[in-house]
Amino acid sequence: MELHAADSLDGALDVLARHGERCQVLAGGTDVMIQLGRGEIAASLLLHIERLAELRTVGSNGSTRIGALVTHRALATGALGTGYRAVAESAGTVGGLQTQAVGTLGGNVCNASPAADTLPALLVHDAEVTLRSATGGRSVPLERFVVGRRATDRSPDELLTAVTLAAPPPRSGDVYLKVGRRSAMEVAIVGLAMRLTFDGAGTITAARVAAASVAPRPVRSTAAEAALVGSRGGAEAVRAAADALLGDIDPVDDVRGSAAYRRRVIPGLVGRAVQICAQRAEG
Ligand SMILES: Cc1cc2nc3c(=O)[nH]c(=O)nc-3n(C[C@H](O)[C@H](O)[C@H](O)COP(=O)(O)OP(=O)(O)OC[C@H]3O[C@@H](n4cnc5c(N)ncnc54)[C@H](O)[C@@H]3O)c2cc1C
């Protein structure tokens, strides 16, 4: 296997234009190196992009643009404003500190695991991904970019360069909650992200709900969102939202948890998430 370490974005895009079909992008390598070891990667060329400093920045101009190489550790420790706590919290649950120090947001998105922690948190912030190739660029809503288990809409000649989050509305609160068998180095049994927006009287005017590890790809539940909007987040609305979310998911039994257990924890998670969002929106 060949290794090419790109030292400019144009250089990386040129390699992808010429060799995209046989090329595997390598960012932090925390997924790629394991998949290589297991023989799951057939590429004959690794394109290492770690040196592309322009992909390591976070910029805010109403919306917030996170470079693909920004690490989970950076996101968890203050790279984002206070309006994106779900994203910071999700990044802070990826593996342990070592994994977070090298693992990148772009890698988590492009690996497109059903259990990827950052994906639900990005979905509740209406994330869009930006892709560049030697011939141009495009932006796609994250919801359309991840098309299935470990499958994305990325073409072989494209590099994901950034993820952009919408500006958080005033009077809103967000959260990411993860159920695992232990509190670190654990892939999610269920991951739930929520963002709620309230009016001055405490009524929910907008809601976003998304979950990981409950379907082949992270799921955004517009039915759960609709059940919360117009309510004050009371028990009845929480029950309706949980039922709606349960109707939108398709969990499986695996080594970490059964489908039945995954369904069982959802109502409690939805209730806790609503409470935390309300507190944070007040704060
Ligand atoms: C011990 C351990 C624990 C883990 N725990 C968790 C966990 O709790 N939650 C979780 O979600 N994940 C977990 N992971 C998985 C992994 O750490 C994350 O998915 C991480 O974000 C991957 O980022 P990376 O930079 O290492 O990606 P890489 O391994 O470098 O790449 C991942 C994939 O994305 C592609 N890619 C990367 N960057 C780009 C780009 N800019 N453009 C196009 N394609 C790109 C690669 O080709 C590859 O297919 C764990 C991994 C390990 C080793």
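The model is predicted, so to speak of local features I need a pLDDT of at least 70, and side-chain atom pairs count only at pLDDT 80 or more, while totals for chains, interfaces and linings use all residues. Residue numbers start from 1 along each chain, following the sequence as written.

First, the chain overall. It has 11 helices and 14 strands; these are DSSP runs numbered from the N terminus, helices being H or I with at least four residues and strands E with at least two. The radius of gyration is 19 Å, close to the 19 Å that the globule rule gives for 283 residues, so the chain is as compact as a globular protein of that length. That radius is taken over C-alpha atoms, and the rule is 2.2 Å times the number of residues to the power 0.38. The C-alpha trace spans about 60 × 45 × 30 Å along its principal axes. Of the 283 residues, 48% are buried, where buried means that 20 or more other C-beta atoms, placed from the backbone, lie within 10 Å of the residue's own.

Five strands form an open sheet with antiparallel pairing, in the order 4-5-10-6-7. Two strands count as paired if DSSP finds at least two bridges between them. Strand 4 (58-61) and strand 7 (136-141) are at the edges with a single partner strand each, so one side of each has no neighbour in the sheet. Strand 4 pairs with strand 5 (residues 63-67) over four bridges, in the antiparallel sense. Within that pair, Ser60 has Thr64 of strand 5 as its bridge partner.

Elsewhere, strand 11 (residues 172-179) is mostly covered, with six of its eight residues buried. Strand 11 pairs with strand 12 (residues 190-198) in the antiparallel sense over eight bridges, and Leu177 has Leu192 in strand 12 as its bridge partner.

Last, the ligand. Which residues come nearest? Of the 31 residues around the ligand, they are Gly28, Gly95, Gly107, Asn108 and Cys110. A residue is near a molecule if its C-beta atom, placed from the backbone, lies within 6 Å of it. Helix 6 (105-111) is one of the elements that supply at least two residues of the shell, and its five residues are the largest share. Strand 2 (23-26), helix 2 (32-37) and strand 10 (159-165) also supply at least two each.

Notes:
Buried ≥ 20, exposed ≤ 12 C-beta atoms within 10 Å, placed from the backbone.
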